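The sequence and the structure are shown first.

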Amino acid sequence: MVLTIKRVLYKIKQKFSRRGDMSLKDTWKEFYGSVFRSNYSPITGGVLLALLVILLEMWYRPWGIVGGLRNWGEWVLYGVGFLDEAPPHPLWFSSSVLDLGLILGAFLSATLAQEFGIRIPPKLEIIKGVVAGILMGIGSALAQGCNIGGFYMAIANLSAGGVAMMLGLMVGVFIGVKYLLWELEHLSSQGGVEINTRKLNPILGIIALIVLVLGTYGYFNSERENGALLGGAFLLTAGIGFVMHRSRFCIVNAFREPFLSGEATMARGVVLSILLATLGILFIKMAGIREPMVYVTPTFIWGSLIGGVIFGAAMVVAGGCGSGSLWRVGEGQVKLMIVVVFFALTNAIFRYYLDNVWEVWDKGLLGSAVYLPDIFGYGGAFIILALVIFLWYLFVDWNEKTEKFVIGL
């Protein structure tokens, strides 16, 4: 034991001695490599993501993806005459600003690490992107949220709908993995093409940083009532995009890999992130900073469950969930750009019919809004959600060791 301590102290001494000999340039290179070029672990990514999510909800509103995509889709529908009234302007609509910030943050991360490049997929992947985008739009419309608003943030905001969508996502991912295995056996796909832009990456990174600074400054100094709020949200979601790209934080991976390979590293990161976000937002709502029913949608149980199944299967085929698709757009993935386009259009069309034609929410056809603290109190709600999350952790950890539910081997 004493020898071990001596070895550790000796290594620390060596490290600091080496640092003492380093020039300012070498110190900067080491810092730059650690922060902007090295990949963060899923645990680090999950902790940082939870912190940013909590800060965003304290600052302005909960994090979400689908509302911004629907806003973009509605502008297209308005342009072709499908909608009579113009939707809110994307640069002043909070949901859209959150998505723009995430893409910019991921783009900044990719360019600074010289990982950005235009990646054009083969034809089969393009077709899969179209189909998956359509299904993701339908599933997220039914659940009133994707894997973020309908699952991650729904649980963090103490909504029973988040638990129902979690179950749906598990079933859908299992179906999606089955399809991928079938595809490997019966279909062949040629490799895609990558347009190398690495020489331009430093310039693009500087441009992205300038856009981030000017955009944030513009929001904070605007005369609009919510300008400063949007500025903070834009900056925080850029941080989310940066963290997700650097850690490759992916909820598709967290749900898919336990079935496909048994690997559970990303799942552990997601589990920790949700648990921390839930704890933080619990205190936010207890303190009255946000209204209790924020992000508690009338989709428990059928909207969340059925939407989760559809969305879960589609996100596996797409290779990206709601947030994962956006940060992959930021690194130049053309397939995910296609996914986002059809996701946005389909969600906008389907929500139009759900809201205005079929009036499913007014009729309660897909469920009701269930805020768990109304039933169990804040302490009871947190214990129940923590137990659900912990059971997921136990499952993926056990499955990694036993490979009982691994169907990809």
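## Aromatic pairs

The structure contains 26 aromatic pairs, where rings of Phe, Tyr and Trp (its six-membered ring) pair if their centres lie within 6.5 Å, and planes under 30 degrees apart count as stacked, over 60 as edge-to-face and the rest as tilted. One of them is the edge-to-face pair of Phe151 and Trp392, at 6.2 Å centre to centre and 70° between the planes. Because Phe151 belongs to helix 7 (residues 147-156) and Trp392 to helix 17 (residues 372-402), this pair ties together parts 241 residues apart in sequence. Phe151 is buried at 0% relative accessibility, and Trp392 is buried at 5%; buried means under 20% relative accessible area, exposed over 50%, and partly exposed in between (1.4 Å probe, protein chains only).

Tyr353 and Trp358 form a tilted pair, with ring centres 5.5 Å apart and planes at 35°. Tyr353 is partly exposed at 30%, as is Trp358 at 41%. Phe82, Phe350, Tyr352, Tyr353 and Trp358 make up one aromatic cluster.

## Basis of the model

The model is predicted: local features need pLDDT of at least 70, side-chain atom pairs count only at pLDDT 80 or more, and totals for chains, interfaces and linings use all residues. Residues are numbered from 1 along each chain as its sequence is written, and side-chain values use heavy atoms, with hydrogens and water left out.

## Pockets

The largest pocket holds about 320 Å³ of space. A pocket is an open set of points on a 1 Å grid over the protein atoms alone, where a 1.4 Å probe fits, with protein on both sides within 12 Å along at least five of seven lines; lining residues have an atom within 4 Å of a point. Its lining comprises 18 residues, with Val66, Gly67, Arg70, Gln144 and Arg351 nearest the centre. Helix 4 (residues 66-79) gives the most to this lining, with 6 residues; helices are DSSP runs (H or I, at least four residues), numbered from the N terminus. By class, the lining of the largest pocket has 5 nonpolar, 9 polar and 4 charged residues.

The second largest pocket holds about 170 Å³. Among its lining residues are Arg70, Glu74, Arg351 and Tyr352. Helix 15 gives the most to this lining, with 5 residues.

## Helix packing

Helix 6 (residues 123-143) packs against helix 15 at an angle of about 35°, with the axes 7 Å apart.

Note on methods
Grid points are joined across faces, edges and corners, and a volume is the space filled by probe spheres set on the points. Helices (H or I, at least four residues) and strands (E, at least two) are DSSP runs, numbered from the N terminus. Ala, Val, Leu, Ile, Met, Phe, Trp, Tyr, Cys and Pro count as nonpolar, Asp, Glu, Lys and Arg as charged, and the others, Gly among them, as polar. Axes are lines fitted to C-alpha atoms, for helices over the stretch in contact, and angles run from 0 to 180 degrees between N-to-C directions.
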